[in-house]
Amino acid sequence: MSLEEKKKIFFHIGFPKTASTLLQECLFSKHSQINYVSGPSVEVIKHNFMMETRFKGSVWKMNDKEFNNSYNELLSKLNTIGSSLDSNKCNILSNEAILQIFFYRKMEYDVFKGLSRLVSLFNKTSIDLNFFLLIRNQSDIIPSFYYQNNINKALKEHSINANEIIKYFQTGKNNNTEISKIIFNNFNYGKLYDYLSSHLKPNKIKIFLYEDLQNNKDKFFSELSNYLEIEISETRKLLYNKKMNVTEDKLYYQGLYYLIYRNLKQPKNLFNNFFRKLNSFVKFLSVEGKNKGYKKIKQNSQLIKKYYREDCLELEKKLHLGLDQFNYF
């Protein structure tokens, strides 16, 4: 079947902390020319095998034997989804968690293997698969990740705090080098692009800059709309005045508000565990608090840029994204 006869679908795969929620809630689910296939109004269970990384029967979690044995069943599910796509709209899947799995899932996970499985399946269907993602300067995205509640908790389970993160970028080693390497190599954007482009034609992969959405909205709206083949004016209307910058003070009080809300909502649990929770609350406000760690990592941005410099230079050489304008290296 030729590409012209295929229904096109765009799979947005993140990265997290690059306005994914903004795009999902304000653009994908509201633009009149978009069919948001993985939106909240959709029966998500139908897409679990390719969307939900925790799901036992997903292409992300299966071992090779399970995947091979389930191949025909997965193809059947994918063809069913294909029959419900809208030929007159831009069909979008979106799941930013795919590219942050190393942070908080206690499972073996190979993002590259999962992506290649998806490509393999889609190639056997009447669906034209396209990937797009937003990237963000690693010296900004990594401290932002560190601050995120579930990420912070998972890092602590591996004894990786702000000091350990800084130590890793200084020396390439820390108290948990193996886990740190897995986590931080996840931000080698060039390596990810190389892998995708080895499985798909270059015009099937698009990388956008989070910084363009921050600083050059008209350029971002134009490039995104052209790629998705949707009306630019509606994109602009839906996104233009939406706030996406989060200050350090706001980060701090969001976390504080969450702690208070969670404990007041469960007073019995708070009473039974008062001293333990009080101790946790004091730690949150102390030098070990997430806000302090966030600032520490931010202050070492040059170490982070040095770590990713070669990867970013190679990506810029290939795609001319303008990474130099936003101090990626």
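Begin by selecting Ser225 and Phe221: the side chain of Ser225 reaches the backbone oxygen of Phe221 at 2.7 Å. A polar contact here is a pair of N or O atoms within 3.5 Å; within protein, one must be able to donate a hydrogen and the other to accept it, and residues adjacent in sequence count only if both atoms are side-chain atoms. The model is predicted, with local features requiring pLDDT of at least 70 and side-chain atom pairs pLDDT 80 or more, while totals for chains, interfaces and linings use all residues. Residues are numbered from 1 along each chain as its sequence is written, and side-chain values use heavy atoms, leaving out hydrogens and water.

Ser225 counts as buried because its relative accessibility is 1%; buried means under 20% relative accessible area, exposed over 50% and partly exposed in between (1.4 Å probe, protein chains only). Leaving aside residues up to four places away in sequence, Ser225 touches Ile230, Glu231, Ile232 and Thr235, contact meaning heavy atoms within 4.5 Å.

Next, select helix α6 (residues 138-147). Nine of its 10 residues are buried, so α6 is largely enclosed by the rest of the structure. Among the buried residues are Ile141, Ile142, Phe145, Tyr146 and Tyr147.

Move on to strand β3 (residues 90-94), which is mostly covered, with five of its five residues buried. Cys90, Ile92 and Ser94 point one way, Asn91 and Leu93 the other. In a regular strand the side chains alternate between the two faces of the sheet.

Strand β1 (residues 7-12) pairs with β3 in the parallel sense over four bridges, and His12 stands opposite Ser94. Strand β2 (residues 34-36) also runs parallel to β3, joined by three bridges, with Ile34 opposite Cys90.

Finally, select helices α10 (residues 189-197) and α18 (residues 301-319). Their axes come within 7 Å and cross at roughly 45 degrees; axes are lines fitted to C-alpha atoms, for helices over the stretch in contact, and angles run from 0 to 180 degrees between N-to-C directions. The contact is made by Tyr189, Gly190, Lys191, Tyr193 and Asp194 of α10 and by Asp311, Leu315, Lys318 and Leu319 of α18.

Definitions and conventions. Helices (H or I, at least four residues) and strands (E, at least two) are DSSP runs, numbered from the N terminus. Two strands pair if DSSP finds at least two bridges between them.
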